[in-house]
Amino acid sequence: MALRALQPPQAKLSTFFHISRPTVRPTSLLRWGSRALVLPQQRRPRRSVAVACVKLEDEEKVSEKTGSEWGKVSAVLFDMDGVLCDSEEPSRRAAVDVFAEMGVQVTVDDFVPFMGTGEANFLGGVASVKGVEGFNPEAAKKRFFEIYLDKYAKPNSGIGFPGALELITQCKRKGLKVAVASSADRIKVDANLAAAGLPLSVFDAIVSADAFENLKPAPDIFLAASKILNVPISECIVIEDALAGVQAAKAAQMRCIAVTTTLAEETLKTASPALIRQDIGSVSVDDILCGGSSCHNEKMQGSHLPYSSGQTSAALLVDVTTSRPFMGINSANNEVFSIGGLQGSRRDIVRYGSLGIAISCLVFTITNWKAMQYASPKAIWNSLFGVSNSPSFGQNEGGSRSARVQQFVNYISDLETRGTASIVPEFPSKLDWLNTAPLKLNRDLKGKVVLLDFWTYCCINCMHVLPDLEFLEKKYKDMPFTVVGVHSAKFDNEKDLEAIRNAILRYGITHPVVNDGDMFLWRELGVNSWPTFVIVGPNGKLLAQISGEGRRKDLEDLVEAALLFYGRKKMLDSKPIPLSLEKDNDPRLLTSPLKFPAKLAVDVLNNRLFISDSNHNRIVVTDLDGNFIIQIGSTGEEGFRDGSFEDAAFNRPQ
């Protein structure tokens with residue numbers, strides 16, 4: 001009997017004005033909220049006003065021309081692999097595993113020409129090139145999905161590209177429809193979106209390869225998405241990373257924005273996309289609505305019509321509802337201005353305006369003192385002056401991981417040569433530690449590459465990156481590398497040591513954690529968001545600081561580069577850090593049959609109680625008196641699989 005148990009339900013003056021069809025007339029009409037403003041020809045020669053109005057008209061015409069050339073946009077069709085999800089390389093690795101089971105030696109690069117064409121073509125194309133006899137595409141595809149879902153696409157494993165969800169949300173706010181249009185089968189689409197933390201509910205449609213005979217570069221998938229969304233093909237924008245996808249968009253007569261996450265820009269140019277951007281995080285709503293130019297588009301009417309003039313008219317603005325002077329604009333510092341009957345020189349306005357802003361900032365600081373504890377002066381300084389503690393994370397030309405790691409090795413070498421890296425401050429001695437005895441950077445962690453994870457247990461984003469940290473810990477478990485969690489509480493109740501201990505037990509955290517309730521390290525290092533990762537060299541120097549989800553690849557490459565560089569310098573110490581894990585010291589976990597049970601379902605008629613035994617990854621069934629009847633999901637390992645009670649697998653069921 002198939003089972004899916006307890007699945008959750010699914011300052012320039014121009015900035016402030018909206019110009020409404022300006023023409024060369026004695027008086028031009030503007031709008032400010034519900035009030036009308038006019039530009040009468042007072043206090044200036046007639047010719048000067050006419051010149052200003054002509055300039056406005058010319059710029060409006062340019063804007064309208066740009067917008068009309070790009071055309072109306074009503075929907076955005078996102079490819080999945082390589083656009084929303086950083087899944088191309090994991091897919092190629094899973095494919096290599098499939099061929100390895102057949103005894104055929106292939107490399108990840110062999111699959112590059114067949115990306116974006118569907119799994120059958122993806123695997124079959126390489127099989128044809130390698131001359132694999134008796135190749136069964138369907139059997140190979142089935143095995144591919146088994147390997148990929150088991151090893152590479154676990155829920156919330158952080159494969160989503162930074163900025164993907166933000167762009168989708170912004171498109172929705174602009175009234176655009178959004179859809180996934182992928183050559184992958186639906187099973188992979190669902191798994192990838194779950195692994196990337198992208199809820200299915202955010203999309204208006206999901207179109208996958210299952211129902212199509214002709215996949216990309218054929219246009220069928222994009223045409224179907226257009227039909228499902230009930231949007232004309234001329235109003236659809238496609239975002240793609242593969243040549244086949246760009247070609248499919250062109251065949252569907254849709255505009256395409258290509259991203260260079262998989263292929264180099266020169267390669268993508270051969271398919272002639274409308275725009276090319278580095279990755280999904282580099283694509284803006286302006287790119288989608290206007291083709292990358294600041295222009296007027298039907299989707300933006302009524303809220304964002306730009307007004308830009310090289311020289312502002314010297315005319316006087318008048319509120320026509322009262323006929324009172326509103327504002328005068330003049331280059332003379334001491335010429336009198338009038339605002340609603342109040343008069344003053346430009347110098348006075350600047351002076352008192354600045355004073356008002358300063359007083360407002362002081363009042364805000366006093367009334368929000370509690371929130372200001374998170375403000376790091378160093379972070380504010382870095383933000384204002386563009387100071388960065390990290391290398392560029394753009395993909396290296398050619399795309400090979402070894403080249404990117406070497407790029408980071410060169411970056412670390414340059415830091416050491418110039419001597420510009422700051423020393424990470426020592427942990428204060430008064431702090432409480434979990435999973436270990438108190439550690440010191442210049443003693444216990446000397447000779448090790450350290451990743452400081454600034455987190456707090458009420459931050460869902462901090463929970464999302466735990467699989468990334470676990471991945472790094474497993475990969476470099478035999479290397480002089482360690483993760484140290486720096487718990488920096490957002491709220492006072494999160495500073496409680498016992499609450500942090502329970503979070504460590506619930507989420508299975510096995511690396512050292514320090515409770516920095518006063519946020520000492522947060523301020524010293526200029527951290528300003530959760531989660532933030534700080535890479536520290538074996539000599540205590542700060543190598544890099546990056547924030548947010550979806551940074552596994554960046555962290556992996558940086559850590560490997562640090563281990564390579566300092567290993568060659570003979571500066572590493574492989575002596576293990578003594579751990580005393582909280583899970584081994586808690587008697588509750590040793591005696592209780594349940595481990596962080598989350599929810600109950602009561603079946604009174606049949607005298608049954610269903611318990612989601614979350615950290616044992618199972619459902620326990622008892623009678624209403626608590627007597628054990630049966631369990632669903634017997635292995636205890638994390639998974640996501642339908643089947644019999646013995647075969648079904650869960651991942652922390654709720």
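**Note on the predicted model: strand 16 and its surroundings**

1. Val450 stands opposite Thr482 in strand 16. Strands here are DSSP runs of E with at least two residues, and helices are runs of H or I with at least four residues, both numbered from the N terminus. The pair belongs to the parallel arrangement of strand 15 (residues 449-455) and strand 16, which are joined by seven bridges. Two strands are said to pair if DSSP finds at least two bridges between them.

2. The model is predicted, so local features need pLDDT of at least 70 and side-chain atom pairs count only at pLDDT 80 or more, while totals for chains, interfaces and linings use all residues. Residues are numbered from 1 along each chain as its sequence is written, and side-chain values use heavy atoms, with hydrogens and water left out.

3. Strand 16 also pairs with strand 17 (residues 513-515), again in the parallel sense, over three bridges. Val486 has Val514 of strand 17 as its bridge partner. Between strand 16 and strand 17 the chain passes through helix 17 (residues 497-506), and this β-α-β crossover is right-handed; that is, with the strands pointing away from the viewer, the path from the first strand over the helix to the second runs clockwise.

4. Seven of the seven residues of strand 16 (residues 481-487) are buried, so the strand is largely enclosed by the rest of the structure. Buried means under 20% relative accessible area, exposed over 50%, and partly exposed in between (1.4 Å probe, protein chains only). In a regular strand the side chains alternate between the two faces of the sheet. In strand 16, Phe481, Val483, Gly485 and His487 point one way, and Thr482, Val484 and Val486 the other way; all are buried.

5. Ser612 lies in strand 21 (residues 608-613). Ser612 counts as buried because its relative accessibility is 0%. The side chain of Ser612 reaches the backbone nitrogen of Lys599 at 2.8 Å.

6. Ile359, in helix 11 (residues 346-367), counts as partly exposed because its relative accessible area is 45%.

7. For the protein as a whole, there are 20 helices and 23 strands. Buried residues make up 46% of the 654 residues. The protein exposes about 32700 Å², of which carbon and sulfur atoms supply 53%; accessible areas come from the Shrake-Rupley method with a 1.4 Å probe, and for residues only the protein chains shown count as cover.

Definitions and conventions
Polar contact = N/O pair within 3.5 Å; in protein donor to acceptor, adjacent residues only side chain to side chain.
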